[in-house]
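Here are some notes for a colleague who is starting to read this structure. They take up the packing of helices and then the surroundings of a ligand.

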Amino acid sequence: MEIDKAISECDDRRLKTKYNNAIYVIKRALALYPVQEVALSFNGGKDSTVLLHLLRAGCFLHKAEENNSGGDATDGGKAFPIRTIYFESPSAFPEINSFTYEAASIYNIQMDVIRLDFKSGLEALLKANPIRAIFLGVRIGDPTAVGQGQFSPSSPGWPPFMRVNPILDWSYRDVWTFLLVCKVQYCSLYDQGYTSIGSIHDTVPNALLSMRNSDSSEEKFKPAYLLTDGRLERAGRAKKNSSAVCGKLSSISNGLKMENLNSGSMLTASIITVGDEILFGTIEDKLGSMLCKKLHSIGWAVSRVTVARNDIDSVAEEVERWKSTDDMVFLFGGIGPLHSDVTVAGVAKAFGVRMAPDEEFEEHLRHLIGEKCSGDKNEMALLPEGITQLLHHEQLPVPLIKCHNVIILTATNVKELDRQWDCLIELAKSNGILELMDPFVSKCFATTLSDVEVAQPLSKLCAQFPDLYIGGYRKSREGPLIITFEGKDLTRIEAASWSLCEKFHPGAFSKIE
Ligand SMILES: Cc1cc2nc3c(=O)[nH]c(=O)nc-3n(C[C@H](O)[C@H](O)[C@H](O)COP(=O)(O)O)c2cc1C
Ligand SMILES: Nc1ncnc2c1ncn2[C@@H]1O[C@H](COP(=O)(O)OP(=O)(O)OP(=O)(O)O)[C@@H](O)[C@H]1O
Ligand SMILES: [Mg+2]
């Protein structure tokens, strides 16, 4: 089998490992489901082309094992045994269409062409055929990969089948190394600078491959395999319109104005600081309080700031608890190569996924700390599998890590946090990773009245203004009592503070600026 032969004869250890893992997943799927109950979702893209050849090899090896023929069997150019589905769309590139049909003819593939949207098409397919598992060329980093593993049941609301993703952990470079080492054909658009292909309406060649020449009017592009930074694979894809997100945002923030602070309609965050040294009292956590201020400035309420010990279980326990009750969880500390740097692994454990090598992240680390961090054993490049989104920003030497609603910040001091926060806000504006709400506003008053004197009027005020947070604290037992009003609507804050002052003699409260 030429694919298996090409990989075993090459001397790229990384590719061999990726290939063997993918073949393992394919073989397990073929052991679990009879061949007539699986399908390949093929669309002529580079990832699905890799998948097609892996499946050709996987089917061959599976059969060889079943026949106990020791692997020297030949595939003899027989029909590709897996039902293949192609969702053909009028907005697909003609080159993609023709390559898909050409591949079907070269590899003897019986292809079902579906001219419906994915969901309706799959519903019809499953009604007419006993399909239980579908192979996809989804890779970590694809927007649709979030939350998926190598075996992931289809989402609620979709017809029931198992999504099998043998190349989930492959990087951009792995894909191209495979296609070039195996010398297989791929769609011609990839030789014209396209690096990831959607529809004709949202895809252009990747500008990073441009060979703009002043004396030629026609812009030329280098082939896709020359893109060195796989993180920029989707640079030629138009961003999805974020107006839906913005619409939701503005309606939420307007709605909030008259909502009860405690009614659950507020966006809330938990902050978890990881560090034994804080619990020993050796150092003080300054970042937690700074992040509280920053979150308040974008209208988020902070539910808690907790400190976890430097062990995986403590981190996992905190993350697991708060990720489901809060909209977002922020983590600090415990990031790096030391034995005590367990934060990322704790997050993986909280989500029940394993840690897997992430080549993109490794590339960033290599830029930052040199070759010391490369190789198979680079634990810093291990990230929670299938749930990690890297948040890139040109101001950040290393992207921030986001796993579902958990964001891991690498800041170790106030200045670094300032920078990371600014980047996060810019990213939030461009891709909605964090909803930006109306900021909180607050007013503070000092009084020399005693706690006993103000206690009852304050309780009444809280009942009267449930949309505000009304609190009180002292800096010393002898000093003044400070009353705080916090909320989203300044007029409500003013009404509440006026109502309090009215209950006491003039001058009992003085405003603190
Ligand atoms: C075979 C197949 C199975 C899919 N299963 C699911 C699914 O279970 N859940 C889901 O949300 N989307 C599913 N999708 C849709 C994809 O996740 C994604 O929305 C689709 O590839 C569109 O990507 P695009 O918006 O970049 O074109 C499936 C798509 C295909 C082709
Ligand atoms: N129109 C389609 N018909 C069948 N399968 C599809 C279709 N679109 C996507 N898929 C499946 O989803 C997978 C992921 O799509 P994605 O666009 O990320 O990768 P690709 O098209 O193979 O390569 P590229 O990233 O270069 O576009 C594909 O490999 C394929 O399995
Ligand atoms: Mg594609």
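1. The crossing of α10 and α11 is right-handed. Please keep in mind while reading that this is a predicted model. Helix α10 covers residues 312-323 and helix α11 covers residues 343-351, and their axes come within 7 Å and cross at roughly 50°.

2. A second pair to look at is helix α14, residues 451-464, and helix α15, residues 490-502, which pack with their axes 10 Å apart and at an angle of about 150°. Because angles over 145 degrees count as roughly antiparallel, α14 is roughly antiparallel to α15. The crossing in which α14 passes α15 is right-handed.

3. Turning to the ligand, which residues come nearest to ligand 2? Among the 19 residues around ligand 2, these are S41, K46, S48, Y190 and I197. When the shell around ligand 2 is sorted by class, it holds 8 nonpolar residues, 7 polar residues and 4 charged residues.

4. The elements that give two or more residues to the shell around ligand 2 are α3, residues 46-67, and β2, residues 83-87.

Conventions:
Residues numbered from 1 in each chain as written. Chains lettered and ligands numbered in written order. Predicted model: local features only at pLDDT ≥ 70, side-chain atom pairs only at ≥ 80, totals over all residues. Heavy atoms only, no water. Near = heavy atom within 4 Å. Helix = DSSP H or I, 4+ residues; strand = E, 2+ residues; numbered from the N terminus. Nonpolar A, V, L, I, M, F, W, Y, C, P; charged D, E, K, R; others polar. Axes fitted to C-alpha atoms, helices over the stretch in contact; angles between N-to-C directions. Parallel < 35°, antiparallel > 145°, perpendicular 65-115°, else oblique. Left-handed = near helix turned anticlockwise from the far one by under 90°.
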